[in-house]
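Hi there,

Here is the structure I promised to send over.

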Amino acid sequence: MENQVFVMDHPLIQHKLTFLRDKNTGAKEFRELVSEIAMLICYEATRDLPLEEIQTETPMGIATTKVIAGRKLAFVPILRAGLGMVEGVLSMVPAAKVGHIGLYRDHETLKPVEYYCKLPSDVSEREVIVLDPMLATGGSAIDAVNLIKKHHPKSLKFMCIIAAPEGLKAFTQEHPDVQVYCANVDSHLNDIGYIVPGLGDAGDRIFGTL
Ligand code: PRP
Ligand code: URA
């Protein structure tokens with residue numbers, strides 16, 4: 001599991017995560033923090049994008065410079081809470097396409113229920129990064145990746161903000177080929193499937209539906 005899970009210990013991410021967790025942080029600031037943390041994690045998650053050299057004419061002469069080689073990206077937020085991460089990652093990779101997967105956890109069974117799936121038509125030519133702030137039992141992330149795998153993307157990564165050890169274990173067992181990028185691995189899940197200490201219900205805090 002170690003080779004597959006990247007926990008972002010960057011001070012800017014950790015600082016912002018503190019304010020994100022705070023129960024007194026309101027919806028506006030919460031949304032801004034989710035977006036900023038997503039942008040910073042995206043910076044790391046795209047570290048292995050290959051570069052190619054081109055020649056660029058500067059006012060002083062010709063420079064040999066680098067651009068990202070032909071690879072195409074798609075971001076796929078899991079609705080609802082994953083939507084909060086989209087603006088941040090698009091600010092890093094504006095040319096990426098965005099798919100959507102709608103899943104909610106049944107409150108009794110904690111199992112994900114699918115209600116929407118719309119992926120870019122050329123997803124088989126793209127590297128896909130799935131977005132969801134919370135990896136709790138792992139059920140939603142596992143199902144989302146299963147859905148996307150049916151469309152044969154070039155590669156898949158999963159980006160979240162907080163992961164529970166239980167969810168990470170389940171996810172990495174089910175999808176050992178998918179790297180996970182997160183800002184922290186928390187202590188545990190409580191008996192109703194919430195991450196402790198976590199930040200509460202991410203979707204409700206983003207959309208003010210508490
Ligand atoms: C939350 C969260 C994840 C899921 C994580 O969504 O955004 O999608 O729970 O839990 P899991 O790892 O146990 O599956 P929720 O089902 O509350 O839906 P919402 O985003 O619409 O509020
Ligand atoms: N979903 C959330 O939004 N928060 C949790 O702690 C667990 C699942």
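Is leucine 110 buried, partly exposed or exposed? With a relative accessible area of 21%, leucine 110 is partly exposed; the scale calls a residue buried under 20% relative accessible area, exposed over 50% and partly exposed in between, using a 1.4 Å probe and protein chains only.

Before the rest, some housekeeping. This is a predicted model, in which local features need pLDDT of at least 70 and side-chain atom pairs count only at pLDDT 80 or more, while totals for chains, interfaces and linings use all residues. Residues are numbered from 1 along each chain as its sequence is written, chains are lettered from A and ligands numbered from 1 in the order in which they are written, and side-chain values use heavy atoms, with hydrogens and water left out.

Leucine 110 has another feature to look at: its phi is near 65°, a positive value in a residue other than glycine. Leucine 110 sits in the loop between strand S6 (100-105) and strand S7 (112-118). Helices (H or I, at least four residues) and strands (E, at least two) are DSSP runs, numbered from the N terminus. Histidine 152 also has a positive phi, of about 55°, although it is not a glycine. The loop between H4 and S10 holds histidine 152, and at 58% relative accessibility this histidine 152 counts as exposed.

Two cis peptide bonds turned up as well. One runs from leucine 79 to arginine 80, with omega near -5°, and arginine 80 is in the loop between strand S4 (72-79) and helix H3 (86-92). The other runs from valine 196 to proline 197, with omega near 0°; proline 197 belongs to the loop between strand S15 (195-196) and helix H6 (202-207). For context, most residues other than glycine have a negative phi, and most peptide bonds are trans.

**Helix packing**

Two packed helices are described by the angle between their axes and the distance between the axes. Here, axes are lines fitted to C-alpha atoms, for helices over the stretch in contact, and angles run from 0 to 180 degrees between N-to-C directions.

Helix H1 (residues 11-21) packs against helix H2 (residues 27-45) at an angle of about 155°, and their axes are 10 Å apart. H1 and H2 are therefore roughly antiparallel to each other; angles under 35 degrees count as roughly parallel, over 145 as roughly antiparallel, 65 to 115 as roughly perpendicular and the rest as oblique. On the H1 side the contact (heavy atoms within 4.5 Å) is made by residues including Leu12, Ile13 and Leu17, and on the H2 side by residues including Phe30, Leu33 and Ile37. By class, the residues in the contact of H1 with H2 are 11 nonpolar, no polar and three charged. In this scheme Ala, Val, Leu, Ile, Met, Phe, Trp, Tyr, Cys and Pro count as nonpolar, Asp, Glu, Lys and Arg as charged, and the others, Gly among them, as polar.

For helix H4 (residues 139-149) and helix H5 (residues 165-174), the axes come within 9 Å and cross at roughly 20°. H4 and H5 are therefore roughly parallel to each other. Ala141, Ile142 and Val145 of H4 meet Ala170, Phe171 and Glu174 of H5, a contact with five nonpolar, no polar and one charged residues.

**Strands**

Strand S10 (residues 155-159) is mostly covered, with four of its five residues buried. Five bridges join S10 to strand S8 (residues 126-131), and the two run parallel; three bridges join S10 to strand S12 (residues 179-182), again in parallel. (Two strands pair if DSSP finds at least two bridges between them.) Phenylalanine 158 of S10 stands opposite valine 130, and in S12 its bridge partner is valine 180.

Three further strands form an open sheet in the order S9-S11-S13, with parallel pairing. Strand S9 (134-135) and strand S13 (184-185) stand at the edges, each with a single partner strand, so one side of each has no neighbour in the sheet. Two bridges join strand S11 (residues 162-163) to S13, and isoleucine 162 stands opposite asparagine 184 in S13.

Finally, isoleucine 62 lies in strand S3 (residues 61-68) and counts as exposed at 58% relative accessibility. Leaving aside neighbours within four places in sequence, isoleucine 62 is in contact with Gln55, Thr56 and Glu57.

Best wishes
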